[in-house]
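Subject: Structure for you to look at

Hello,

Here is the structure I said I would pass on. Please open it first, then read the notes below.

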Amino acid sequence: ITLLSYDPLWATMKEKGITQYFLLKSGIDNKTLDSLKKNKNITLLTVEKLCSILDCTPNDIVVFK
């Protein structure tokens, strides 16, 4: 059972018009994208990087269920 959900990330990306391709070009690798899609653990460094790319807070990326 996973308690993490990255649903807010996909909503934030859609809202800001940011694609997965843009994330790849911005330094988020395929393995990380795969982890995000499967609600697997990512590092806080990755959360920081996503926040920087998306100009948002961690609350806009991940939620604990």
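Which residues does Pro58 touch, not counting residues up to four places away in sequence? They are Val47 and Cys51. Before going further, keep in mind that this is a predicted model.

Pro58 itself sits in the loop that runs between H4 and S2. Its relative accessible area is 43%, so Pro58 is classed as partly exposed, the class between under 20% and over 50%. Glu48 is ten residues away from Pro58 in sequence, and their C-alpha atoms are 7.7 Å apart in space.

The whole chain

The protein contains four helices and two strands. Read from the N terminus, the order of elements is β-α-α-α-α-β. The radius of gyration is 11 Å, close to the 11 Å that the globule rule gives for 65 residues, so the protein is as compact as a globular protein of that length. The C-alpha trace spans about 30 × 20 × 20 Å along its principal axes.

Of the 65 residues, 35% are buried. If you take the contacts between residues at least 6 apart in sequence, 64% of them join residues at least 24 apart. The accessible surface is about 4,500 Å² in total, and carbon and sulfur atoms account for 55% of that. As for charge, there are 9 positive and 7 negative side chains, and 8 Å separates the centres of the two sets.

Thr46 belongs to helix H4, which covers residues 44-54. Is Thr46 buried or exposed? Thr46 has a relative accessible area of 15%, which is under the 20% cut-off, so it counts as buried. Its side chain makes a polar contact with the side chain of Thr43, at 2.9 Å. Leaving out residues up to four places away in sequence, Thr46 touches Ile28 and Thr32.

Thr12 is in helix H1, residues 7-16. Its relative accessible area is 8%, again under 20%, so Thr12 is buried. Where its neighbours within four places in sequence are set aside, Thr12 is in contact with Leu54, Cys56 and Asp60.

Two residues with positive phi

Most residues other than glycine have a negative phi. Asn39 is not a glycine, yet its phi is positive, about 55°. Asn39 is placed in the loop between helix H3 (30-37) and H4.

Asp55 also has a positive phi, near 50°, and is a residue other than glycine. Where does Asp55 lie? Asp55 is in the loop between H4 and strand S2, the latter being residues 63-64. The relative accessibility of Asp55 is 65%, which is over 50%, so Asp55 counts as exposed.

To find your way around, you could start with the loop between H4 and S2, which holds Asp55 and Pro58. After that, look at Thr46 in H4 and Thr12 in H1.

Regards

Conventions
Residues numbered from 1 in each chain as written. Predicted model: local features only at pLDDT ≥ 70, side-chain atom pairs only at ≥ 80, totals over all residues. Heavy atoms only, no water. Buried < 20%, exposed > 50% of the residue type's maximum accessible area, 1.4 Å probe, protein only. Polar contact = N/O pair within 3.5 Å; in protein donor to acceptor, adjacent residues only side chain to side chain. Contact = heavy atoms within 4.5 Å. Rg over C-alpha atoms; globule rule 2.2 N^0.38 Å. Areas by Shrake-Rupley, 256 points an atom, 1.4 Å probe, with all protein chains shown as cover. Lys, Arg positive; Asp, Glu negative; His and termini not counted. Charge placed at Lys NZ, Arg CZ, Asp CG, Glu CD.
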